[in-house]
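Here is a short report on one protein. Look over the whole fold, then follow one residue.

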Amino acid sequence: MNGRSPQSSRAVVVGGGLAGVTGALRLADAGVRVTLLEGRPRLGGLAFSFRRGGLSVDNGQHVYLRCCTAYRWFLDRIEGTALAPLQSRLDVPVLDVGRDSGPRLGRLRRTGLPVPLHLAGGLAAYPHLSLAEKAGVARAALALGRLDPADPALDGIDFATWLRRHGQSERTVEALWDLVGVATLNARAPDASMALAAMVFKTGLLSDPGAADIGWAAVPLGDLHDALARKALESAGVDIRVRNRATGLSRAEDGRWAVVADGERFEADTVVLAVPQGQAHALLPQGALEDPDRLLEMTDSPILNVHVVYDRKVLRRPFFAALGSPVQWVFDRTESSGLQGGGQYLAVSQSAAQDEIDLPVAELRGRYLPELERLLPAARGAGIRDFFVTRERTATFAPAPGVGRLRPGPHTRAPGLHLAGAWTATGWPATMEGAVRSGFAAADASLQVLGRPHRHPLQEAA
């Protein structure tokens with residue numbers, strides 16, 4: 001403890017993504033004077049919006065689940081809950097166009113029955129698996145329920161190996177496990193740590209009947225993660241400095257920290273580094289981590305989004321997932337984008353897109369427009385008003401086997417310096433939920449150093 005009262009304590013949070021905004025809000029709510037530094041001209045990190053002509057475009061389609069209690073706290077805190085509604089009950093349309101018998105629509109649904117019976121009816125009616133495959137899924141789900149995602153041994157194997165050991169066919173992996181896993185882990189089963197896969201499926205499917213109900217923003221992400229977040233920060237007294245990229249970090253003999261950003265010096269009693277792991281590595285003082293180079297061992301996994309604006313309505317549902325097609329998930333973003341003059345705007349979200357992330361737009365157009373016509377008969381003959389692509393090459397850390405040993409917690413060896421970001425050891429993959437949880441952890445660690453322990457917000461919600 002530094003002996004200063006919380007009201008006189010100063011904190012600098014470096015990074016204005018969800019982790020940094022969360023950390024800044026938590027510190028400010030505890031009475032700490034906070035400066036938030038962000039190199040970009042906006043807040044929101046990798047979940048943001050931009051203008052394209054008359055459209056407000058999200059850089060990628062982001063969803064969350066009812067079990068994402070930290071992100072739900074974040075939405076409440078910025079007064080954005082009503083703008084990102086949840087389904088009343090899980091209902092995922094899944095269209096299979098890969099069968100010789102022709103396209104077939106199925107649904108992944110739940111009921112209100114207790115776990116695990118809440119999924120039994122939906123699985124029984126799911127047409128994309130055989131009876132034997134459905135029985136195998138039930139057995140694997142029971143085995144998943146007995147796992148401890150925190151077991152280090154699980155981090156050493158991949159999800160596909162575990163699924164094979166538990167009798168899951170290639171079809172079952174495609175039509176169920178990867179359908180969900182690719183979207184939540186940003187990796188296919190052979191490339192995903194079993195520990196992270198167990199965490200996702202155990203929490204999302206087996207913790208509570210409503211845990212996997214899906215929510216997404218009904219407005220541009222920038223309205224939430226930038227505009228409303230900025231308003232909440234300002235109301236809490238946070239000094240927001242955008243277009244201020246931190247370039248130096250040092251600690252004086254009196255224990256105070258100094259952050260240099262664009263030539264300006266910001267002094268603080270505690271610092272939260274809420275930037276990607278490569279930037280954190282560059283800023284960390286010598287000795288702050290036992291093995292800082294492990295941060296550089298974490299590789300990235302890309303996400304590609306294909307955006308198509310049609311001259312007519314071609315999709316009646318808010319979203320669907322696809323089988324037997326390169327297309328993974330398709331979302332209707334017409335209303336949230338502000339599209340005028342009729343027509344429909346669809347966003348195709350492609351996770352684990354290593355093979356496509358650098359393809360030219362013309363090649364992606366030639367690949368995805370015919371696929372959308374195959375999936376959506378109403379798109380055949382429809383005019384294309386606009387076609388464009390957004391690419392996030394470093395969208396998430398790759399959740400590969402062994403990644404758990406590379407992820408540091410919020411604490412460093414340097415008193416008062418803490419780490420945040422979805423890449424830190426939250427127990428979650430790189431999601432909005434993981435980012436917010438990391439902001440909690442870093443802020444709580446900072447408040448301990450300042451002698452101001454603060455009740456965890458999720459405990460308050462409980």
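Helices (H or I, at least four residues) and strands (E, at least two) are DSSP runs, numbered from the N terminus. Arg-333 sits in the loop between strand 16 (329-332) and helix 12 (334-337). The model is predicted, so to speak of local features takes pLDDT of at least 70, side-chain atom pairs count only at pLDDT 80 or more, and totals for chains, interfaces and linings use all residues. Residues are numbered from 1 along each chain as its sequence is written, and side-chain values use heavy atoms, leaving out hydrogens and water.

**The whole protein**

The protein has 15 helices and 19 strands. Its radius of gyration is 23 Å, close to the 23 Å of the globule rule for 462 residues, so the protein is as compact as a globular protein of that length. The radius is taken over C-alpha atoms, and the rule is 2.2 Å times the number of residues to the power 0.38.

| Property | Value |
|---|---|
| Span of the C-alpha trace along its principal axes | about 75 × 50 × 40 Å |
| Residues that count as buried | 55% of 462 residues |

Buried means under 20% relative accessible area, with a 1.4 Å probe and protein chains only.

**Around Arg-333**

Is Arg-333 buried or exposed (over 50%)? Arg-333 is buried, at a relative accessible area of 6%. Its side chain joins that of Asp-58 in a polar contact of 3.0 Å. Such a contact is a pair of N or O atoms within 3.5 Å; within protein, one must be able to donate a hydrogen and the other to accept it, and residues adjacent in sequence count only if both atoms are side-chain atoms. Leaving aside neighbours within four places in sequence, Arg-333 has contacts (heavy atoms within 4.5 Å) with residues including Asp-58, Gln-61, Trp-216 and Tyr-345.
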